[in-house]
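Visitor: Could you bring up the model, and then walk me through the fold?
Guide: Here it comes.

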Amino acid sequence: MLNKMIIELGKECDIDNWMYLVNKVKDGFPGLETKEALDEHRDTVLDFMSKQSAICAKSGNKIVGTLLFSKNHNMICFLAVDAEYRRQHIAEKMVSYMLTFMDPKRAVVVTTYREGVPEGVAARAFYKRLDFVEGRLIEEFGSLVQEFVLEQKIIK
Ligand SMILES: CC(C)(COP(=O)(O)OP(=O)(O)OC[C@H]1O[C@@H](n2cnc3c(N)ncnc32)[C@H](O)[C@@H]1OP(=O)(O)O)[C@@H](O)C(=O)NCCC(=O)NCCS
């Protein structure tokens with residue numbers, strides 16, 4: 001029988017399964033190359049978990065999607081789905097759930113690869129599909145990236 005997909009806030013007890021997925025996708029993220037960087041990222045994830053700002057997608061005990069976000073900055077800070085589970089609308093569901101925690105009066109921002117970078121093709125297509133629009137070209141941690149911005153529709 002297929003496991004049901006659950007989208008929920010990640011908790012401290014999820015950290016090992018969470019990092020198992022991060023290890024699988026780390027090549028797509030500049031700055032996660034070394035063991036030290038991964039250890040630091042683990043602490044960052046625990047910090048986001050303690051602030052109810054870490055969302056995961058679970059299939060049984062397996063974490064197949066992860067999203068870190070900042071309520072202060074209305075920002076997506078990290079998003080990844082296990083390669084074997086992509087194109088099943090898991091990232092879309094995690095972003096929808098994240099929006100329930102965000103300030104609806106402010107735009108949501110994310111930075112991702114600039115156009116023409118192979119690693120950025122999926123992310124850029126994904127954000128555009130969710131109505132994010134291309135924003136400023138900036139530099140972040142020494143990498144050339146681009147902001148994508150989602151203007152939220154305020155429902156009165
Ligand atoms: C970007 C990423 C998170 C998308 O996750 P996902 O769960 O596969 O995305 P979804 O299934 O929710 O995609 C929703 C829609 O976005 C678009 N989309 C997603 N991936 C796409 C791709 N590779 N090519 C074209 N369109 C894509 C499609 O319109 C898709 O709907 P459809 O499958 O019905 O056509 C995933 O590819 C990933 O983890 N990539 C590596 C890490 C990364 O780039 N993270 C973001 C860095 S900021």
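Guide: Among contacts in the chain between residues at least 6 apart in sequence, 57% join residues at least 24 apart, a contact meaning that two C-beta atoms, placed from the backbone, lie within 7 Å. This is a predicted model, where local features need pLDDT of at least 70, side-chain atom pairs count only at pLDDT 80 or more, and totals for chains, interfaces and linings use all residues. Residues are numbered from 1 along each chain as its sequence is written.

Visitor: What pattern does the chain follow along the sequence?
Guide: Reading along the sequence gives β-α-α-β-β-β-α-β-α-β-β, with helices (H or I, at least four residues) and strands (E, at least two) taken as DSSP runs numbered from the N terminus.

Visitor: At what angle do α1 and α2 pack?
Guide: Helix α1 (residues 15–25) and helix α2 (residues 35–50) pack at about 130°, with their axes 11 Å apart; axes are lines fitted to C-alpha atoms, for helices over the stretch in contact, and angles run from 0 to 180 degrees between N-to-C directions.

Visitor: And which residues of α1 and α2 meet?
Guide: From α1, Ile15, Trp18, Met19 and Val22 meet His41, Arg42, Val45 and Leu46 of α2.

Visitor: New topic: how much of the chain is buried?
Guide: Of its 156 residues, 23% count as buried, that is, 20 or more other C-beta atoms lie within 10 Å of the residue's own, all placed from the backbone.

Visitor: What does the C-alpha trace span?
Guide: Along its principal axes, the C-alpha trace of the chain spans about 40 × 40 × 30 Å.

Visitor: How many helices and strands are there?
Guide: The chain has 4 helices and 7 strands.

Methods
A residue is buried if 20 or more other C-beta atoms lie within 10 Å of its own, exposed if 12 or fewer, and partly exposed in between; C-beta atoms are placed from the backbone.
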